[in-house]
Amino acid sequence: MNTTERPVPRWAYRLAHLIPFMVLPSGLWRLGLVFGSSMGMLDPDGNAARLAGAGGKVYVVCLTIFSELVALTALGMVSRWGEVAPRWIPIIGGRRVHPYAAIIPATLGGLSLIALWTYAFRNAYTDQFIPFSSTGWKVLMLTCYTPLNLWGPALLVLTWAYYRRRVSAPAVVASVR
């Protein structure tokens, strides 16, 4: 299971594997739009809102795939490929990953996700949000999107565990000697 230099705490391993599932419900909800459902959303005239044209559908599919791929990078925080770049990657393949090459982008990513979802959800539980044809549709959308609020904090906690394992643990071992 674990081929990392230092053991990954079980909770961190589980959290890293949970993060893609925090993103998945929102992606599935968006795919409903691609397949022609309004998902209960209404346009300014009170009609069912639909994605316009193939471009909108391609965008939503690409956004969904991209979001899930970014979420999957959290697995690098608990995997060997988060310590040594896979050999198939040009130029850096097989080389050791400097810890801060993962810590800095993950920290910035976690903070960005917190800012993004805090802003996006600022009116989610008010009447100032997207108009829906019924409360049930709104509840479904919020149920699918609310886990995204946990993505940023979860990534920051996972980054802290990575830091402790890759950066501070060697310093602690060195100071004990």
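Buried means under 20% relative accessible area, exposed over 50%, and partly exposed in between (1.4 Å probe, protein chains only). The model is predicted: local features need pLDDT of at least 70, side-chain atom pairs count only at pLDDT 80 or more, and totals for chains, interfaces and linings use all residues. Residues are numbered from 1 along each chain as its sequence is written, and side-chain values use heavy atoms, leaving out hydrogens and water.

**Aromatic pairs**

Rings of Phe, Tyr and Trp (its six-membered ring) pair if their centres lie within 6.5 Å; planes under 30 degrees apart count as stacked, over 60 as edge-to-face and the rest as tilted. By this rule there are four aromatic pairs. Two of them are tabulated here.

| Pair | Centre distance | Plane angle | Type |
|---|---|---|---|
| W11 and W160 | 6.5 Å | 25° | stacked |
| W29 and Y145 | 5.6 Å | 85° | edge-to-face |

Helices are DSSP runs (H or I, at least four residues), numbered from the N terminus. W11 in α1 (residues 10-34) and W160 in α5 are 149 residues apart. W11 is partly exposed at 40%, and W160 is partly exposed at 48%. W29 in α1 and Y145 in α4 (residues 135-145) are 116 residues apart. W29 is buried at 4%. Y145 is buried at 9%. Ring pairs also join W29, W117, F121 and Y145 into a cluster.

**Helix α3**

Which residues of α3 are buried? They are P99, A102, I103, A106, G110, L113 and W117. Seen down the axis of α3, these buried residues fall within an arc of 100° (taken from the directions from the helix axis to the C-beta atoms), so they line one face of the helix. On the other side, L108 and Y119 are exposed.

Terms used
Helices (H or I, at least four residues) and strands (E, at least two) are DSSP runs, numbered from the N terminus.
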